[in-house]
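Here is a short tour of one protein model. Keep the sequence and the 3D view side by side as you read.

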Amino acid sequence: MFKNKAKTGNNLKEKVSPKNFTKNPIKGTKFTVMISSAKGGVGKSTFSINLLFALQKLGYKVGLLDADIHGPSLPKMIGLNERPKTNNDKFLLPLEKYGAQFMSLGFLVDEKTPMIWRGPMVAGTIKTLAEKVLWKDLDFLIIDMPPGTGDTQLTFAQDVKIDGAIIISTPQELALMDVTRGIQMFNKVKIKILGLVENMSFFKGDDGKSYNIFGEDGVEKTAKEFDKKFLGKIPINTELRKSADLGLPLTYKKPDHEISKIFADIALKIKQDVL
Ligand SMILES: Nc1ncnc2c1ncn2[C@@H]1O[C@H](COP(=O)(O)OP(=O)(O)OP(=O)(O)O)[C@@H](O)[C@H]1O
Ligand SMILES: [Mg+2]
């Protein structure tokens, strides 16, 4: 019995220890940036879409892959509900809006689903999304990940060539504990962490005061602790939330808004780091 236990231990070690994975680059894009968080609901999707248009404002061709197969939020956030066309039933053509390219499982879910989806729908869906979309001449592809550091994320991170990851968190202690797990996951699969972002940092009331609803400076401290870059703080903002609900992202609609400027600053940092 003891022997078996030791064997399992070794197997596990082998499974998670750093090694050289065969990572396939996503075709049609120069840089692939993954937006991730171990905890759900911290603002990955909101961040992804607004970063996308902040990068577009810098003059880049951008695309967004919504890899959240269980709860795709892109169709609503971008106000798109068309079915993507296929190229000879082999590749999916991304949808286009506001000059950017988009793909989400949310665009593809009924019996009219193209052939290439029926089998892979069950296994390796995210991986298929990464391989079967015909992105056109992108500078940046942003991947909005589902929450967590489970098998799905790990497999994806091992198989697909990612140029960098951004970890989103709120300053809440519970969320910060998960940030540590996220950092460890990316270290394991040798993906460069471009930096950490604190979302829902504070709320500025009508009285002009800032309220630290989820705590204070937690993400910045965590970034320091792990020697990672801190990319910025995004406050709780009604307009940011509403614009995502309306399918008209704030950084696209109002690039001069104070929140859009925070995204512009983060986009610039990413540009400097990746290029
Ligand atoms: N800075 C913010 N200010 C106000 N509302 C926000 C902010 N960031 C996110 N939200 C809102 O919080 C909710 C969760 O955000 P979002 O869907 O972006 O999180 P997520 O991390 O992608 O969630 P999931 O883990 O389920 O994919 C949404 O209703 C969104 O509009
Ligand atoms: Mg999401």
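## The nonpolar core

This is a predicted model. Its largest nonpolar core has 73 residues. Those with the most contacts inside this core are Leu-51, Leu-52, Ile-142, Ala-165, Ile-166 and Ile-266. Helix α2 gives the most to the core, with seven residues. Nonpolar side chains tend to be buried together in soluble globular proteins.

Take Leu-51 as an example. Which residues does Leu-51 contact, leaving aside its neighbours within four places in sequence? They are Ile-142, Phe-263, Ile-266 and Ala-267.

## Helix α2

Helix α2 covers residues 44–57. From its first C-alpha to its last, this 14-residue helix reaches 20 Å. That is close to the 20 Å expected at 1.5 Å a residue.

Of the 14 residues of α2, 13 are buried, so the helix is largely enclosed by the rest of the structure. Just after α2 comes Gly-59, with a positive phi of about 100°.

Now look at strand β2, residues 62–66. Five of its five residues are buried, so β2 is largely enclosed by the rest of the structure. Side chains in a regular strand alternate between the two faces of the sheet. In β2, both faces are covered. Val-62, Leu-64 and Asp-66 are buried on one side. Gly-63 and Leu-65 are buried on the other.

Which strands pair with β2? One is β7, residues 138–144, in the parallel sense over five bridges. Another is β6, residues 100–104, also parallel, joined to β2 by four bridges. Leu-64 stands opposite Ile-142 in β7, and opposite Phe-102 in β6. Ile-142 also belongs to the core residues with the most contacts.

## Around ligand 1

How many residues surround ligand 1? There are 20, and the closest are Gly-40, Gly-43, Ser-45, Thr-46 and Arg-241.

Seven are nonpolar, ten are polar and three are charged.

## Ser-243 in helix α9

Ser-243 sits in helix α9. Is Ser-243 buried or exposed? Ser-243 has 24 other C-beta atoms within 10 Å. The cut-off for buried is 20 or more, so Ser-243 is buried.

Leaving aside neighbours within four places in sequence, Ser-243 is in contact with Leu-248, Pro-249, Leu-250 and Lys-253. Ser-243 and Lys-253 are ten residues apart along the chain. Their C-alpha atoms are separated by 8.3 Å.

How values were computed: Residues numbered from 1 in each chain as written. Chains lettered and ligands numbered in written order. Predicted model: local features only at pLDDT ≥ 70, side-chain atom pairs only at ≥ 80, totals over all residues. Near = placed C-beta within 6 Å. Helix = DSSP H or I, 4+ residues; strand = E, 2+ residues; numbered from the N terminus. Nonpolar A, V, L, I, M, F, W, Y, C, P; charged D, E, K, R; others polar. Buried ≥ 20, exposed ≤ 12 C-beta atoms within 10 Å, placed from the backbone. Pairing = 2+ DSSP bridges. Core = buried A, V, L, I, M, F, W, Y, C linked by C-beta atoms within 7 Å. Contact = placed C-beta atoms within 7 Å. Expected span 1.5 Å × (residues − 1).
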